[in-house]
Amino acid sequence: MSKNKGNQEEGRFVNPYNFVSLDAKCERTEPENGNFTGYFTCTLTTKSPIFIPNSETVGDNEKTQEFFSYEYSKEHAKTKSSHYEPTIPGSEIKGMVRSVHEAAFNGCLSQINTNKPIHKRSMEPKKAGLLSFDKTSNQFFIQPCERVMLNVTKENKFGKVFKKTSFTEGSTIFIERSQDPYKNDRRMPYYVDDVSEIKGSMYERGYVHIGEPFGKKKHHESVFVVKKHLNKKSVSTEEIERLIKVLENYRNEKINLNKEKSRHSGYTKFMICESVNEIPVYYSTINDEFTHLSPAMLSQEASLKTIGDLIEHHGGYQSCKCKNNLCRSCALFGFVSEEAGKASKVRFGDASINPSHNEYYEETVRILLGEPRFNTTEFYTEINEKYSNNRLWTYDYAQLKNKNREPLNIKDIRIRGRKFYWHGANIPASIEESTDMTRKIRPLKTNSDFTFEVYFEQLTKEELQQLQWSLDFNNEENGHKLGQGKPLGYGSVQIKLEKLVLREINYEDGHWHLNEYTSSEEGGKGNWVELDKGEDLELKLPDDLSTPRKELLEITKLEQPFTKEISYPKAETKPGGNSVNDKASHQWFTINRNNAKKGKQQTLPSIEDEVNGKEMTRKLK
C-alpha cells in the first residue's frame, strides 16, 4: 500500500509512540580515553510548544504549572505579574541526548525501571476455590468450589435479602440454595434461600466471600461451596508469591487509584500465611495446574518476571555495573551502580533563551501525564512466532483460540525496544476534563531559540562523532523530544551545532590553546573547517546505518505525512457518548482484547510499517 493511500484510510490513528529495535546483543568493552577535549556551542529551536516544569509549581493539578526558571519563586510570584525567563536545565538536555545515543549506538537500557511490577488485568473469569495450608506436607492447596449468590441489596429475583454487615470475609455459614437457577448463569447458577449457623438436612457448608464495590451494578456477594466430586490440588510456592504480588499491587495507591480515592479497600482483610484455613480465592488453570490466584473473579494478574529479566535474557541490555566493561553510552555519559561508578566525559550547560523569543501562551492548557505501561503487552512486547495466531498474551502465557492458556518462557517474549515519540499533532491540545492524571501548564511557543554548550573531555574520535550525531543527527530533517506532553505533540526541538572548539596541547612546552571550527560547506553536515589554518576535520559518520539507527531517523523526522492522525487509541463505547470515560483510550484496549477472541486483535505496527501504511491501527467501536 502506498503512503498516500494508507494515510487517507478512514478511522486510522497513529499511536503517539513506537519502539526503536534493539540489536541482538549489547556490546560492552573497556572504556578508552582519547585526545579530543573541547566544547560545542549549540542552538536549540522549539519546533512545537514545549514545557519543562518548575518543581516549585508542581503539586495541585488545578494550579497552573510554570516553565522552569531560575527567576521563579513562590514569593516572587505574588508580586510579579509577567512571565519568567525560561531556562532548560542541562540535565534535561543530557537525558534527551543520551536516549538517542543509547538507541543509535547500542547502549544499555540505563533509564528503564527494571524492577517495576509487571501486572495485567485479565478479562477471563476465574474459578472459585478455597486456599489452605497443610502443615504435614508443608504445601498450599486449593479445593475447587462453586459460587452461590448471596443477595445483599433488596428483595427481588435474586432471592431473600441478607444484611451484608452480618457476615465477615471467609466466615463459615450453612446455606439452603434455591431450587431454580438464576438466569442459567454457569458461573453462579443458584442463590441463597436461607442461612443457618448450624447444619440441617437441607443445608450445606459455605464460606462467605465479600468482594469490592462495583458501582451500582453489584447486587450480591458470594458463598463458596465445595465441589465434592473434585479433589483439592497443591499450589506451587511461585503461585503464592504471585498472589502476594497481586495483593501488593491492589494495596499500592500509585497502582490502584481507586484505593487512593477510598473506592477500594485494597483487600486489606485478605491475609496469606501458613496458618490459613480455607480462604476464598479465585484461580485459573494452565495445563491442569492451578495458577494466577487472585482475590477477585476478574482481577489483575502479576508476573514473577521483571523487565530486568527480559532485557538481560534478550541481549544483555540491563544497566552497566562494572566500570571496566561498559557500553558506549555509559562510557561517554557515565554511570552509577551499587558496585561501581564512572564520571561522565561530557557536561551539558543550561540552555538560555534568546530574549526576543520569550513568548508563552497566555491561555493555559491541560495535558495528560503518564508513565510507561508495560502491561499493554500488545504494544510493548513481541512473542515467539509460533504464537503469532494467538494475539492475546501476557508476560506469562498466550491465550489460545480454544481459550486454553499456553505458558510463555522468558525466551518466548521480549520487549519491542526503546520508546520514542513521533513529532507532530494538533496543538496546543488541551484535555477538557480535570483528572488525577492531568495538569494545567503554560507552555513556551514554537520557534523559541535557546543557546547552550556541551563540554567534553578526552574523547576518542569515534566518541566525538557519535556525540555529534546524537546532538543533530547529521541532518536538518530530524529533531528531539523534550519535556512534558510528548504524546500530545509538545516538546519537539531541533539542535544546530554552531561552533566546535578543540583544545590543542604543545607537548614540548606544555602550553595549550583553543582552535575554533565552523561547519564545512564543502564537506557536508557533520564536518568542520578550522578558522585560522583552514584545516578540515571530518566527523561525519559513515552512511552504513544499522537497523536501529534507520528506525531512529524515521521516528525523529520533524515532518511526517500522517501528522494529523497522531493520537492515543480512539474508541467509542456509546453512540454519541461525550464523557471522557466513553472515549478514553483504555476503552480501545478493552474492545481490542475482546476482539482477540475472534483473532482480530490489533497490535502496534513497526515503525517501518507505520511509515509505509502497510498495517494500521484503527478506531474501534
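What share of contacts in the chain between residues at least 6 apart in sequence join residues at least 24 apart? The share is 72%, where contact means heavy atoms within 4.5 Å.

The views below show a predicted model, in which local features need pLDDT of at least 70 and side-chain atom pairs count only at pLDDT 80 or more, while totals for chains, interfaces and linings use all residues. Residues are numbered from 1 along each chain as its sequence is written, and side-chain values use heavy atoms, with hydrogens and water left out.

**View 1. The chain as a whole.** The chain holds 13 helices and 33 strands, the helices (H or I, at least four residues) and strands (E, at least two) being DSSP runs numbered from the N terminus. Of its 621 residues, 50% are buried, a term that stands for under 20% relative accessible area, with exposed set at over 50% and partly exposed in between (1.4 Å probe, protein chains only).

**View 2. Helix α3 against helix α10.** Helix α3 (residues 90-104) packs with helix α10 (residues 547-555) at an angle of about 140°, and their axes are 8 Å apart. That angle makes α3 oblique to α10, since angles under 35 degrees count as roughly parallel, over 145 as roughly antiparallel, 65 to 115 as roughly perpendicular and the rest as oblique. The axes are lines fitted to C-alpha atoms, for helices over the stretch in contact, and the angles run from 0 to 180 degrees between N-to-C directions. On the α3 side Val100, Ala103 and Ala104 meet Pro548, Arg549 and Leu552 of α10. The residues of this contact divide into five nonpolar, no polar and one charged (Ala, Val, Leu, Ile, Met, Phe, Trp, Tyr, Cys and Pro count as nonpolar, Asp, Glu, Lys and Arg as charged, and the others, Gly among them, as polar).

**View 3. Phe456 in the largest nonpolar core.** The largest nonpolar core has 44 residues, and those with the most contacts inside it are Phe40, Phe456 and Leu467; such a core is a set of buried Ala, Val, Leu, Ile, Met, Phe, Trp, Tyr and Cys residues joined through side-chain atoms within 4.5 Å. Not counting residues up to four places away in sequence, Phe456 touches a set of residues including Phe36, Tyr39, Phe40, Val346, Leu467 and Leu502. A second, separate core has 35 residues, among them Phe19, Phe335, Phe374 and Trp393.

**View 4. Phe335 and the cysteines.** Phe335 lies in strand β16 (residues 335-336) and is buried, with a relative accessible area of 6%. Leaving aside neighbours within four places in sequence, Phe335 is in contact with residues including Cys320, Lys321, Cys322, Leu326 and Cys330. Phe335 and Lys321 are 14 residues apart in sequence and 8.0 Å apart in space, C-alpha to C-alpha. Cys327 is buried, at a relative accessible area of 0%, and the closest cysteine sulfur to its own, in Cys320, is 3.7 Å away, too far for a bond. A search of the whole structure finds zero disulfides, a disulfide being a pair of cysteine sulfur atoms within 2.5 Å.

View 5. Asn106 is not a glycine, although it has a positive phi of about 60°; Asn106 sits in the loop between α3 and β5 (119-121) and counts as buried at 7% relative accessibility. His292, likewise not a glycine, has a positive phi of about 50°. The place of His292 is in strand β14 (residues 289-294), and at 3% relative accessibility His292 counts as buried.
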